[in-house]
Amino acid sequence: MKDTLERIRTCAKELADSCSELKTLDDIRVRFLGKKGELTSVLRGMGALSADERPIIGALANEVRADIENAISTKKKMLSDAAAQIKLKAEKIDVTMPGKAKKLGKKHPLTQVLDEIKDIFIGMGFQIASGPEVEYDSYNFEKLNMPKDHPARDTQDTFYITENILLRTQTSPVQVRVMENSTLPIKIIAPGRVYRSDEVDATHSPLFHQIEGLVIDRNIRMSDLKGTLDLFAKRLYGKDTVTRFRPHHFSFTEPSAEMDICCFSCGGKGCRLCKGEGWIEILGAGMVHPKVLRNCNIDPDVYSGFAFGMGLERIVMRRYNINDLRLLFENDQRFLNQF
Ligand code: PHE
């Protein structure tokens, strides 16, 4: 039995010493020290020994077990240290390598110009309001003095969802919502998306953006409208900008007007940008119709106000000389990176 134990000790230690993989090391442990291992089965035969021999063999067996365990754990430490070294080497970071530049996104030209316009009006004491894009017919049309049979409805090709619910064709319904829900006076702009069922081409898109404006107080007059919008034009296009107001018609304003600015490209001589006109139309506006005020429970004998609306895309396209509206919606990075 002594010989067997010595043989086991030598054999196990040799195997452990020459082993080069953690997995094999574990196999060695199982082979000698496991429940069915060689050492264990030798110890099982101890019962047959005499009372004198038993403590001697027992002590030897414990010594062999300790030796084998020691050999295995020493080797285990060596192997895992080596593995850690390899891993560390592989993960080494060269701090002198140049960094990878993160590409920063930037604001879409529509957002850039909208932010500029918002700033101009905020600077004049306006607040920003908003309303739903899915709107009731009553807010988009009826309360704006456009009953079901009104001819002006034909000019706004409307996406209807049900008979009474639609995608707003203009931001003007926000006027009504603000008048219904605010205390007076009111001084807001309401930028947002609007929808019309137009075929897509260089100048039409079923989705575009408008910026609505509304001012209601005592003694608001046409001169306030003109002064406000003239100052807006000068802030947006430069202090020498010349504006003119032409009579127009909107069902919800009376009187109504369109504001032009003297062409910033040719100075009024006539060029391609202004189509030879010398003037560029910027927005529609007017004094809020007494009927609309009454629809919103505001007494037109006490209060008056003006409203205006402009298309964001057209302003952006003229500013950057963009000749195709579709470019603003396709999100081609090669295009967007120019702004
Ligand atoms: N909502 C009008 C349009 O879409 C513009 C407008 C707004 C005109 C406010 C007058 C007052 O054409």
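Which side chain has an N or O atom 2.9 Å from an oxygen atom of the ligand?

Author: The side chain is that of glutamine 210. This is a predicted model, in which local features need pLDDT of at least 70 and side-chain atom pairs count only at pLDDT 80 or more, while totals for chains, interfaces and linings use all residues. Residues are numbered from 1 along each chain as its sequence is written, and side-chain values use heavy atoms, with hydrogens and water left out.

Of the 330 Å² that the ligand exposes when taken alone, the protein buries 89%; accessible areas come from the Shrake-Rupley method with a 1.4 Å probe.

In total, 13 residues surround the ligand, where a residue is near if one of its heavy atoms lies within 4 Å. Among the closest are Arg196 and Glu212. By class, this shell holds five nonpolar, six polar and two charged residues; Asp, Glu, Lys and Arg count as charged, Ala, Val, Leu, Ile, Met, Phe, Trp, Tyr, Cys and Pro as nonpolar, and the others, Gly among them, as polar. Strand β9 gives the most to the shell, with three residues; strands are DSSP runs of E, at least two residues long, numbered from the N terminus.

Definitions and conventions. A polar contact is a pair of N or O atoms within 3.5 Å; within protein, one must be able to donate a hydrogen and the other to accept it, and residues adjacent in sequence count only if both atoms are side-chain atoms. Helices (H or I, at least four residues) and strands (E, at least two) are DSSP runs, numbered from the N terminus.
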